[in-house]
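Subject: Structure handover, pockets and cavities

Hello,

My notes on its pockets and cavities follow below.

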Amino acid sequence: MHNAIQHITSFHVYAAIIIFIITYFLIMTEKINRASAALLGAILMVLLGIVDFNKAIMEHIQWETIVLLMGMMILVGITNKTGVFQYAAIKSAKIAKGDPVRILIILSILTGVGSAFLDNVTTVLLIVPVTFSITTILNINPFPFLISEVLFSNIGGTATLIGDPPNIMIGAANPHLDFNAFLLNLTPVILIIGVVTLGILVLIYRKKLKVEDSKKQELMSLNEKDYIQDSVLMKKSLTVLVLTILGFTLHSVLHIDAAMVAITGAAVLLVIGLRSHDEVESAFDSVEWTTIIFFAGLFILVGGLIDVGIIKKLAAGALNVTDGNIALSAYLILWISGIASAVIDNIPFVATMIPLIQDMAHGMGMSPDSAQINVLWWSLALGACLGGNGTLIGASANVIVAGMAVKKGHKFSFMDFLKIGAPITLVSLLISTLYIFLRYLLFL
């Protein structure tokens, strides 16, 4: 690893930037499949010596994310075959009297609350199949619902210590910032952002969210129980699913990684729920391998930027500009984190920012748990998590939902997402700026 760092030259730096920009352009324009583009970019990073192959495999690919995805995809894939998602879809749509606007609001709130206490990916994997069932019955375009769920998975995940990986990392680096601290400091602004986002989405899509009365009546006349196809497998699936979710929530007590919990759940359900070889093969087919490959490629691409020092230089340069001014540092961290997290994976970015903020506190002679430094941690959490809504590749949940949509024949492009995600992110960051000023900086 030491040798890999020693041999970084200006060629490697420029090559890393060029490869990243070209790959990003290919993903944006969708000239070729995004998984192919990310894979090609990653291979070039390795072939040109920007990233060491072993380091790419062992360090840059976040295997925890990959294994978590695979485990949850298998779990949800098996559960989906029982008809329980269709049951839940019809039940919730009937509660909303078949009104698409009400359904959008209900599903968005469910996604937001779910993401605050579960992994964002887990939440969308559970909510999206329900969404497809509802939109199929009502014969309406699922895109407004899917985009809303993606946005709320990232908004909801920002509210708690366990909701999003950047928050977990910030909490791990600052033992004084416990679960309650995140809840008290981030949940108020997230509730405001959630209400504003829902208002914007309803305003944008209200004309598209119209359904004929005959379709509503058809929905209301359906018996949700008729959609349960295998009650024995359903009971087994739901039991394993509930135990898996319980495993996630008890993470701090059990000290077992979320990925391990998910893959164990998948393995248990494969053994106790499926009898024939064909059923097991079919369960593995529910893993979206294009999405998995896309993530692996993207992790190595961002790893290239880390290895040549680009991310660290940008972050350090930004903090130097503030010259120890807490207010300016807070705003800069919020906005740079928001913009950077829309373009690159927020996990390596936050990993780079944590020691820089700690060094800044040390340099200013401040305690790491002082009120002034805490403002910087909340700014980093808000920017890194909310920035995920900026682009289609800004967060894991975005990519997952896009992959699920393609499988159902409802492809939406990078630009389709950008038109909604970027303005919502901008509004979220503006609200966060005002919140940080009014709650913290006004009285410092």
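First, a term. Helices are DSSP runs of H or I with at least four residues, strands are runs of E with at least two, and both are numbered from the N terminus.

This is a predicted model: local features need pLDDT of at least 70, side-chain atom pairs count only at pLDDT 80 or more, and totals for chains, interfaces and linings use all residues. Residues are numbered from 1 along each chain as its sequence is written, and side-chain values use heavy atoms, with hydrogens and water left out.

Pockets

A pocket is an open set of points on a 1 Å grid over the protein atoms alone, with protein on both sides within 12 Å along at least five of seven lines; a lining residue has an atom within 4 Å of a point. Volume is the space filled by probe spheres set on the points, which are joined across faces, edges and corners.

The largest pocket holds about 900 Å³. Its lining has 34 residues, and Glu64, Asp119, Asp164, Pro165 and Ile168 lie nearest the centre. Elements giving two or more residues include α5 (63-80), α8 (120-138), α10 (165-173) and α22 (396-407). The largest share, 5 residues, comes from α10. By class, the lining has 17 nonpolar, 12 polar and 5 charged residues. Here Ala, Val, Leu, Ile, Met, Phe, Trp, Tyr, Cys and Pro count as nonpolar, Asp, Glu, Lys and Arg as charged, and the others, Gly among them, as polar.

The second largest pocket holds about 360 Å³. It has 14 lining residues, with Gly77, Asn80, Ser286, Glu288 and Lys407 closest to the centre. Two or more residues each come from α5, α8 and α22. α5 gives the most, with 4. The classes are 6 nonpolar, 4 polar and 4 charged.

Cavities

A cavity is a set of grid points where a 1.4 Å probe fits but cannot get out. There are 2 cavities of 30 Å³ or more.

The largest cavity has about 60 Å³ of space. Its lining includes Phe295, Leu298, Phe299 and Asp345. α17 (289-307) gives the most, with 3 residues. The lining has 7 nonpolar, 2 polar and 1 charged residues.

The second largest cavity has a volume of about 40 Å³. Among its lining residues are Leu332, Ile333, Phe349 and Met353. α19 (326-343) gives the most, with 4 residues. This lining has 8 nonpolar, 1 polar and no charged residues.

Best wishes
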